Amino acid sequence: MLDHIIILVASLTDFEKDFTGRHGVELTKGGAHPHLGTANLLADLGNGAYLEVLGPNPAVVPPTGLGEMLAQRTAPQVASFALQTRHMDAVKTSAEAGGLEFLGPSAGSRRTSDGQLLQWHGAYIRGHRFGDFVPFFIDWGETRHPSETSVSGLELVEFTVMHPDADALAKVYQAIAADIQVVSGDEPGFKLRIRTPRGEFSLESYPDEPLFSAVPP
């Protein structure tokens, strides 16, 4: 099942102010990723999924690492997404049966804004040519899922992946049991629509290079 959708922004402070003003929902401050120089904002999207807005850590000046790269962005962009699983072994078996490579699982963690430790295991799928249009997997174990601790009031209406070779990408999704809509498009991209208390938030993005699939789990 869908775990979360990642939006990249140049400034978490600016995005939060604009989103709250336009849509009437104050996003939850997630926490920081010290080794990346980033932090995030979160919101429940319903059905066990959540939105992660990732940007430079406002407490790190000047920005460093990935945060420095994100600070140069000109507009918010959907960049990647994750699927949730409690059965990494089954994902590995399915992926390898489909001719794909399974990397992981590897442990990850971060502190929330109130100091609580979140822990998870993540895994990536390689052996394809679709970069971040193929999701990574996450198992939250005994950690309370972020959708349960993030602000409510938003509802995911549409999340669609667009690609010129949609049929081949759909076969990769089938191999890893990813129930994600993929349609043919002139360019690889994501289409996101979210219902808010003040209308709809929509974002259509065409990432020019992979970011998450280029980083080992």
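Rings of Phe, Tyr and Trp (the last by its six-membered ring) are taken to pair if their centres lie within 6.5 Å, with planes under 30 degrees apart counted as stacked, over 60 as edge-to-face and the rest as tilted. The legends below describe a predicted model, in which local features need pLDDT of at least 70 and side-chain atom pairs count only at pLDDT 80 or more, whereas totals for chains, interfaces and linings use all residues. Residues are numbered from 1 along each chain as its sequence is written, and side-chain values use heavy atoms, with hydrogens and water left out.

View 1. The structure holds 10 aromatic pairs. In one of them, the ring centres of Phe-15 and Phe-201 are 6.4 Å apart and the planes stand at 90 degrees, so the pair is edge-to-face. This pair links distant parts of the chain, with Phe-15 in helix α1 and Phe-201 in strand β12 (residues 199-205), 186 residues apart; helices (H or I, at least four residues) and strands (E, at least two) are DSSP runs, numbered from the N terminus. Both Phe-15 and Phe-201 are buried, where buried means under 20% relative accessible area, exposed over 50% and partly exposed in between (1.4 Å probe, protein chains only). The rings of Phe-81 and Tyr-173 have centres 6.5 Å apart and planes at 90 degrees, so this pair too is edge-to-face. Phe-81 belongs to strand β5 (residues 77-84) and Tyr-173 to helix α5 (residues 166-175), 92 residues apart, and both are buried. Phe-81 and Tyr-173 form one aromatic cluster with Phe-133, Phe-159 and Phe-190.

**View 2. The open sheet of eight strands.** The strands follow the order β2-β3-β4-β1-β5-β8-β7-β6, with mixed pairing, two strands being paired if DSSP finds at least two bridges between them. Because β2 (28-33) and β6 (101-111) stand at the edges, each with a single partner strand, one side of each is left without a neighbour in the sheet. The twist averages 30 degrees from one strand to the next; axes are lines fitted to C-alpha atoms, for helices over the stretch in contact, and angles run from 0 to 180 degrees between N-to-C directions. Strands β6 and β7 (residues 117-126) pair in the antiparallel sense over nine bridges, and the bridge partner of Ala-107 in β7 is His-121. Helix α1 (residues 12-23) lies across β2, β3 (38-46) and β4 (49-56), and runs at about 135 degrees to β4.

View 3. In α3 (residues 88-97), Met-88, Val-91 and Ala-95 are buried. They cover an arc of only 60 degrees around the axis, which puts them on the same side of α3; the arc is that of the directions from the helix axis to the C-beta atoms. What covers the buried residues of α3 includes β6, β7, β8 and α5, contact meaning heavy atoms within 4.5 Å. On the other side of α3, Asp-89, Thr-93 and Ala-97 are exposed. Just after the helix, Gly-99 takes a positive phi of about 80 degrees.

View 4. His-145, in the loop between β8 (136-139) and α4 (146-149), is buried, with a relative accessible area of 9%. Leaving aside neighbours within four places in sequence, His-145 is in contact with Asp-3, Gly-48, Tyr-50, Gln-84 and Trp-140. Asp-114, found in the loop between β6 and β7, is exposed, with a relative accessible area of 55%.
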